[in-house]
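Please read them alongside the sequence and the coordinates.

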Amino acid sequence: MSAASASPQTAMKRLAGGLSFVCLVLFLLAVEQTQTVAAWEGLRAGAGPVARGVADWMGRLPDGAADGLDGLKTAVADEARPLVAEPGSTAGLGGEYRPADETTRAAVGALTAAGAELRFENGERLRTRPLRIASGRDAFAPGQTFAARLDAPADAQIELRAVIAPAGARAAPPTRLCGGEPAGTAALLHRGARVDLALFRAGAVVGPDTPPSALCGAWSFTAR
């Protein structure tokens, strides 16, 4: 094949590659905004603890010294470990639960857990999907841990669920439990017959830097 005939073919291949990239960009732009935001929030929430672990590892190193790859692996593993649910977590949460105190009774009423859906006696429903598993010692705001707020052990497993839009809707609905604003994250702790629920406003990535105002409230329930 001559150089003259090869040149147009090369140009066509480059043009085809460019068009493929443009089509991919247009497809991504067509994805619903709510799905894109939910995916980004999930990525930030999942990657945040690991990044903090690596930063802590680097901060512990003296000037000019390093504990090598083993230290980095340990830092990442220590933060990533709570992301896996263990037996006894809320992964299989289901059934009906009555309020465990007067505050819960007045604000929420009873709770029914049906798969990914949380149903409240006040008529509201929250559709959720798994986000990650946090530890009781983890902070959900500056100086505030799940263990302290929920009166739980430091090694307790708290399931974080993203609150998502109901089928056919573009966004999660506002809820009275968050003062008329949409909820973004639900934190669930299952201990025997007791279930604790905390809700956070949409847009908040739950972690040590989360503004305290992002917490809508926390409520307790016991099995019927």
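1. The model is predicted, and side-chain atom pairs count only at pLDDT 80 or more. Under that condition, a search of the whole structure returns nine salt bridges.

2. Arginine 224 is exposed, at 60% relative accessibility, whereas glutamate 96, at 47%, is partly exposed.

3. The salt bridge between glutamate 102 and arginine 105 has its closest N and O atoms 3.4 Å apart. Both residues are in helix α4 (residues 102–107), three residues apart, and are therefore separated by about one helical turn. Glutamate 102 has a relative accessible area of 56% and is exposed; the value for arginine 105 is 47%, which makes that residue partly exposed.

4. A salt bridge joins arginine 125 to glutamate 117, with 3.5 Å between the closest N and O atoms. Arginine 125 is partly exposed at 48% relative accessibility. Through salt bridges that share partners, Glu117, Arg119 and Arg125 form one network.

5. The count of aromatic pairs is two. In one of them, the ring centres of phenylalanine 140 and phenylalanine 146 are 5.3 Å apart and the planes stand at 45 degrees, so the pair is tilted. Phenylalanine 140 and phenylalanine 146 are both buried.

6. Phenylalanine 140 also pairs with phenylalanine 200, in an edge-to-face arrangement with 5.8 Å from centre to centre and 65 degrees between the planes. This pair links distant parts of the chain, 60 residues apart: phenylalanine 140 is in strand β5 (residues 139–141) and phenylalanine 200 in strand β10 (residues 194–201).

7. What are the relative accessible areas of phenylalanine 140 and phenylalanine 200? Phenylalanine 140 is at 3% and is buried; phenylalanine 200 is at 1% and is likewise buried. Ring pairs link Phe140, Phe146 and Phe200 into a cluster.

How values were computed. Residues numbered from 1 in each chain as written. Predicted model: local features only at pLDDT ≥ 70, side-chain atom pairs only at ≥ 80, totals over all residues. Heavy atoms only, no water. Salt bridge = Lys/Arg side-chain N within 4 Å of Asp/Glu carboxyl O. Buried < 20%, exposed > 50% of the residue type's maximum accessible area, 1.4 Å probe, protein only. Helix = DSSP H or I, 4+ residues; strand = E, 2+ residues; numbered from the N terminus. Phe/Tyr/Trp six-rings, centres within 6.5 Å; stacked < 30°, edge-to-face > 60°.
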